[in-house]
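Me: I'm new to this one. Can you walk me through it, a bit at a time?

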Amino acid sequence: MQEIYNAIQTAAVKIDYAIKHEDKGYSENQNATGDTQLKLDIQCDKIVEEIFTPITRIKELASEEKEAPHPLYEAGEYLIAYDPLDGSSLADVNLSVGSIFGIYKGDYSGQNLVASAYVVYGPRVEMVTADSDGVTMYRLEPDNTFAFVQEIRLNEKGKLNAPGGTQRYWPPHHKALIESFFEEGYRLRYSGGMVPDLHQILLKGGGIFSYPATTDVPKGKLRMTFEVFPFAFIYECAGGEATDGKGRILDLVPEHIHDTTPCFFGSKEEIKKVRSAYGNR
Ligand code: P6P
């Protein structure tokens with residue numbers, strides 16, 4: 001796995017430079033989910049593809065910015081699903097953004113994730129990896145290497161509430177759930193960037209991030225293979241849980257690599273409350 005983590009680190013250095021210094025305009029293209037692509041989206045996707053292409057243990061690359069997977073080596077054991085620059089439009093207002101990687105064996109179902117990683121590009125560039133060894137954070141140093149910082153563990157209960165989705169379209173039971181956290185004294189922490197928002201909850205010991213099914217986005221907005229599964233894996237490895245409101249996120253099987261799902265990530269206490277609020281809906 002270290003060869004893949006090293007490739008992520010090399011890509012992160014180039015992506016961080018691109019965010020800060022390359023063209024921020026929009027392209028004429030849309031991705032498979034219908035988002036108009038920033039030139040930066042396309043450029044960061046190219047950076048990842050170029051750096052991962054020589055790795056013979058990779059069977060194929062599936063990018064959020066491409067309709068279909070890109071085959072690499074037939075005998076490769078890993079399938080890599082990635083979002084090269086999640087929340088890229090936030091870079092235009094100088095907020096933190098991130099890259100997300102899911103490392104699968106066999107197919108892109110949640111149970112076939114063997115490791116995942118993300119990079120957050122903020123005042124510091126930090127990478128977090130999750131695998132059988134646990135959840136580990138590294139930080140980019142002036143010499144462009146990544147130094148170990150800490151292991152990450154979630155408390156049973158946290159203090160932060162990151163409620164996604166358009167509030168006017170939240171179903172009543174979801175609105176009541178979110179409000180119940182605020183009534184308990186949870187603090188609102190939501191930037192519109194999945195990577196920094198989930199990174200903050202991990203580093204602050206816990207809480208709840210939600211992007212529910214809403215009347216305008218009935219299947220949720222966030223993509224299973226590139227975004228939701230990798231973070232569900234990380235949260236479970238850190239001692240938390242991830243659910244779609246009914247069951248365990250990592251038990252889901254996408255029909256298509258661009259499928260989305262409602263998602264909740266958090267400490268165990270908060271996820272218990274989600275399951276109770278969603279009941280048998
Ligand atoms: P909304 C960014 O576009 C993204 O895909 C995630 O990073 C983020 O959590 C979500 O969408 C934000 O969506 O509807 O709250 O702007």
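Me: Which residues make the nonpolar surface patch of about 270 Å²?
Reply: Phe182, Leu188 and Tyr190 make that patch. Keep in mind that this is a predicted model.

Me: Where is tyrosine 190, then?
Reply: Tyrosine 190 sits in the loop between strand S12 (187-188) and H4.

Me: Is tyrosine 190 exposed or partly exposed?
Reply: Partly exposed, because its relative accessibility is 35%.

Me: What does aspartate 197 touch, leaving out residues up to four places away in sequence?
Reply: Tyr190 is one of its contacts. Aspartate 197 itself is in helix H4, residues 194-203.

Me: What is the nearest side chain of opposite charge to aspartate 197?
Reply: That is arginine 189, 8.9 Å away. Aspartate 197 is buried, yet it has no salt bridge. A salt bridge needs the nitrogen and the carboxyl oxygen within 4 Å.

Me: Which backbone nitrogen lies 3.2 Å from a polar atom of the aspartate 197 side chain?
Reply: The one of glycine 192.

Me: New topic. How many salt bridges are there in the whole structure?
Reply: A search finds 17.

Me: Which residue does glutamate 49 form a salt bridge with?
Reply: Lysine 66. Their closest N and O atoms are 2.6 Å apart. Glutamate 49 is in helix H2 (residues 39-52), while lysine 66 is in the loop between strand S3 (58-63) and strand S4 (70-71). They are 17 residues apart in sequence, so the pair ties those parts together.

Me: Is lysine 66 buried or partly exposed?
Reply: Partly exposed, because its relative accessibility is 24%. Buried would mean under 20%.

Me: What about glutamate 236, which partner does it have in a salt bridge?
Reply: Arginine 248, with the closest N and O atoms 2.8 Å apart. This pair also links distant parts of the chain, twelve residues apart. Glutamate 236 is in helix H5 (residues 224-237), and arginine 248 is in the loop between strand S14 (241-243) and strand S15 (263-266).

Me: Is aspartate 45 buried or exposed?
Reply: Buried, with a relative accessible area of 6%. Setting aside neighbours within four places in sequence, aspartate 45 is in contact with Ser63, Glu65, Lys66, Tyr82 and Pro84.

Me: Which salt bridge has glutamate 126 in it?
Reply: Its side chain meets that of arginine 139, at 2.7 Å from N to O. The two are 13 residues apart, with glutamate 126 in strand S8 (residues 125-131) and arginine 139 in strand S9 (residues 134-140). Glutamate 126 is buried at 7% relative accessible area. Arginine 139 is partly exposed at 23%.

Me: Back to H5. Why is it largely enclosed by the rest of the structure?
Reply: Because twelve of its 14 residues are buried. Among them are Met224, Phe226, Val228, Phe231 and Ile234.

Me: What happens just after H5?
Reply: Glycine 239 takes a positive phi there, about 95°.

Me: What phi does asparagine 94 have?
Reply: A positive one, about 60°, although asparagine 94 is not a glycine. It lies in the loop between strand S5 (78-86) and strand S6 (97-104). Asparagine 94 counts as exposed, because its relative accessibility is 72%.

Me: And what phi does asparagine 144 have?
Reply: Also positive, about 65°. Asparagine 144 is in the loop between S9 and strand S10 (146-151). At 47% relative accessibility, asparagine 144 counts as partly exposed.

Me: Last one. Where is aspartate 35?
Reply: In the loop between strand S1 (26-30) and strand S2 (36-38). Aspartate 35 is partly exposed, at 30% relative accessibility. Beyond neighbours within four places in sequence, aspartate 35 is in contact with Asn29, Gln30, Glu64 and Arg223.

Notes: Residues numbered from 1 in each chain as written. Predicted model: local features only at pLDDT ≥ 70, side-chain atom pairs only at ≥ 80, totals over all residues. Heavy atoms only, no water. Helix = DSSP H or I, 4+ residues; strand = E, 2+ residues; numbered from the N terminus. Buried < 20%, exposed > 50% of the residue type's maximum accessible area, 1.4 Å probe, protein only. Contact = heavy atoms within 4.5 Å. Lys, Arg positive; Asp, Glu negative; His and termini not counted. Polar contact = N/O pair within 3.5 Å; in protein donor to acceptor, adjacent residues only side chain to side chain. Patch = residues over 30% accessible without salt bridge, like charges linked within 9 Å, V, L, I, M, F, W, Y side chains within 5 Å. Areas by Shrake-Rupley, 256 points an atom, 1.4 Å probe, with all protein chains shown as cover.
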